[in-house]
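I want to go through the side-chain contacts one type at a time and jot down what turns up.

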Amino acid sequence: MDFFEHQDLARKKTAWLVVLFAIAIVAIFAALYFTAVFAVPAAEFFIRSEIDSPGPKPELVFELWNPIALYAALGVSVALIGGGTLYKTTQLSGGGRVIAEELGGTLLTRDNADASANRLLNVVEEMAIASGTPVPPVYLLEREPNVNAFAAGFRPEDAVIGVTRGAVELLSREQLQGVIAHEFSHVLSGDMRLNIRLVAVLHGILVLGITGLALLRIAWYGAYVGSSRRDNRGFLLFLAVGAALAAIGFIGVFFGNWIKSSVSRQREYLADASAVQFTRNPEGIAGALKVVGGLSGGAKLRSPNAPEASHMFFGKALVEGMFATHPPLADRIRRIDPSWNGKFARVEPFHQQRASAKRWSKNSPLSALAEPTAVAVGGAIAASPPMTAPGLVNAAGRLNDESVQRAQHLIKQIPADVGEAAGEPFGARAVILALLIHPSTDGKRKQAAVVTEDDPGLARLIHRLAPSVLSLPSDLRMPVLERAMQPLAQLSLGQVRQFRKLVDAFVLADNRTTLFEWITKRLVGRRLDAAEGLAAPPRVNYYALIQLGDECSVLLSVMARVGAKDEAAARAAFVAGAAALAKVDVSYRTRVGWNDLDAALGKLETVAPKLKRALLQGCGVVLMHDHELTTSELELFRAVSACLGVPMPALAGGPQRG
């Protein structure tokens, strides 16, 4: 899967979504107008006919051109469709967490997870570290007994993974890994952002029918309690208007289902194929789909909010007609496993399996609960081939068996006390601050004074964890940081602001910022922005790097100076990287600081996806100019990639220099 191509394709699909939305609005507006053209004169005729007055009876006259009806239809369209979309967009601004909670999901942590849920957390963490994305919060749909899952969010920083209790209980580890790989494909390809926008757009289209049904209920209630025909006259008008809006609402339903179907079905095939590519195990994803087929309930959900999010799910969450959001299950399986015989083995719901626990055999589906919660990877992983600049860029947004094994290996090496603390909010803050402990005595003293005054309990935990954290090998710092950032999503607004101040104080304790301090502050800051609701998805503002010569100069200069042994080597590396950015006027900066890099990345984050490939290609050429890739260089490359919105997996680097 090419990350940059998929991101660009997602942008084009968003444009197609806008076109379909516009067609739906025009159709609804036309229906409203013609309804008003015929309904308003009819209502006027009805009211006048009911009034006892001398003179000739009124005549029923229809005029196809009616300015009043035109303005009325336009006003209703803008107010209801635009207002409904804006309301839902605002409601969903919190990202994937909002979707998960609306579906009845409960945040899963190490503290509240049972053995099978713990296995799910392990698989998600492995996939996140292997793909270079932040470890997403996991929500368990406890009341859903069937097999399903989803990924939701605007971008990886605010993404969540939701999994049903049925999937957690009924799937083996390799099947669960296939499902999670499928969902990570949606995270990496930009599908999530399109999906969440689709929820808002569909709400705006459907709100017309919702309003009509509400008016119908009011009308029927009024007719029921009214004491005379004259009392009911106004309610009959409500009935007519409500019936008209409800009927027009079916247009919204039609277009809503059409839009969901047109943007969803092919992406499911692509996500299935990506899951196979990621895990190199077709049996994982194929086996999960076969379990869905063998369940009487399949992938159906009970949540009343499932219809608006049906296009997000791994399997069909609803009974769908001609505008199905998912391809037929058998077609999905045959694309992965052409030798499949077309028959589904019957699978009992997990609560029935629990009831017959005494009859479990060693091959029972629930025997998977006895598996270890992580795949054992003995010793070091296989050596990677020599890294090249194109190889660095091509690793973006990619998952494969080697990266998953490397992630498992790195996680296994994390000391138990550090790993346990990093898995919950209070301990995660202590781990992150321990990573920032300054080597000098004066720096440590200032840091200890700040945290002791702010939170003595946190200071004690940092002191206890410090020996383990400070002794971490350099290639474990980023995996530990990534694990510790996940629980930050659980912090309250006050805790987020308090922790942000502590991170700043730890970084500035000696009035200078090291590379790893900048990386930590930048990545933790992005995670805290998401927790605070400040991480709005960046808009594409630049379609050519020629407008950003100064920013490219800063980025390449920082890259060159971090990896070079001397000034001459830095200049040579910069020149090589500049050549990769054709037609961009860049110049080497001898004086460049972290604030300059922050400002540059703020603009570079808003370039089109294909330009980000060129940027990272230039960075890769700079780093590989001396044919040596140190851990520090890799950490910087991954941090810059994250700031550009490009997930970069944990790659193997050489020894850290200096």
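How many salt bridges does the count come to? I get 22 salt bridges, taking a salt bridge as a side-chain nitrogen of Lys or Arg within 4 Å of a carboxyl oxygen of Asp or Glu.

Ground rules before I go on. This is a predicted model, so I note that local features need pLDDT of at least 70 and side-chain atom pairs count only at pLDDT 80 or more, while totals for chains, interfaces and linings use all residues. Residues are numbered from 1 along each chain as its sequence is written, and side-chain values use heavy atoms, with hydrogens and water left out.

**Salt bridges**

I looked up Glu-125 and Arg-483 and found a salt bridge with the closest N and O atoms 2.4 Å apart. Glu-125 lies in helix α4 (residues 115-131) and Arg-483 in helix α18 (residues 477-485), so this pair ties together parts that are 358 residues apart in sequence. Helices here are DSSP runs of H or I with at least four residues, strands are E runs of at least two, and both are numbered from the N terminus. Are Glu-125 and Arg-483 buried or exposed? Both are buried. My cut-offs: buried is under 20% relative accessible area, exposed is over 50%, and partly exposed is in between (1.4 Å probe, protein chains only).

Next I checked Lys-521 and Asp-504, whose closest N and O atoms are 3.6 Å apart in another salt bridge. Lys-521 sits in helix α20 (residues 515-531) and Asp-504 in helix α19 (residues 493-507), so the pair ties together parts 17 residues apart in sequence. Lys-521 is partly exposed at 38% relative accessible area, and Asp-504 is partly exposed at 27%.

I also have Arg-561 and Glu-567 meeting in a salt bridge at 3.3 Å, N to O. Arg-561 comes out partly exposed at 35% relative accessibility, and Glu-567 is partly exposed too, at 34%.

One more entry here: Asp-114, Glu-142, Arg-165 and Glu-169 are linked in a network of salt bridges.

**Rings**

How many aromatic pairs does the structure hold? I note 5 aromatic pairs. The rule pairs rings of Phe, Tyr and Trp (its six-membered ring) if their centres lie within 6.5 Å; planes under 30 degrees apart are stacked, over 60 edge-to-face, and the rest tilted.

Trp-340 and Phe-344 make a tilted pair, 5.0 Å centre to centre with 55° between the planes. Trp-340 is buried at 9% relative accessibility, whereas Phe-344 is partly exposed at 34%. Phe-574 is in helix α22 (residues 567-579) and Tyr-588 in the loop between α22 and α23 (594-604), 14 residues apart. Phe-574 and Tyr-588 are buried.

For charges over rings, I use NZ of Lys or CZ of Arg within 6 Å of the ring centre and within 35 degrees of the ring normal. The charged end of Arg-477 sits over the ring of Phe-516, 4.4 Å from its centre. Arg-332 lies over the face of Phe-314, 5.1 Å from the ring centre.

**Cysteines**

How many disulfides does a search of the whole structure find? I find 0 disulfides, with the cut-off being a pair of cysteine sulfur atoms within 2.5 Å. For Cys-619, the closest cysteine sulfur is in Cys-552 at 8.7 Å, too far for a bond. Cys-619 is buried at 0% relative accessibility, and Cys-643 is buried with a relative accessible area of 0%.

**Surface patch**

Leu-206, Ile-210, Phe-250 and Val-253 form a nonpolar patch on the surface, with about 360 Å² of accessible area together. The elements giving two or more residues to this patch are α7 (191-225) and α8 (229-279). Patch residues have over 30% relative accessible area and no salt bridge; nonpolar side chains (Val, Leu, Ile, Met, Phe, Trp, Tyr) are joined within 5 Å, like charges within 9 Å. Areas are Shrake-Rupley with a 1.4 Å probe, and for residues only the protein chains shown count as cover. I looked up Ile-210 on its own: it is found in helix α7 and is partly exposed at 45% relative accessibility.

**Backbone**

I flagged Asn-511, a residue other than glycine with a positive phi, near 65°. Asn-511 lies in the loop between α19 and α20 and is exposed at 67% relative accessible area. His-627 also has a positive phi, near 60°. I place His-627 in the loop between α24 (609-623) and α25 (631-643), exposed at 72% relative accessible area.
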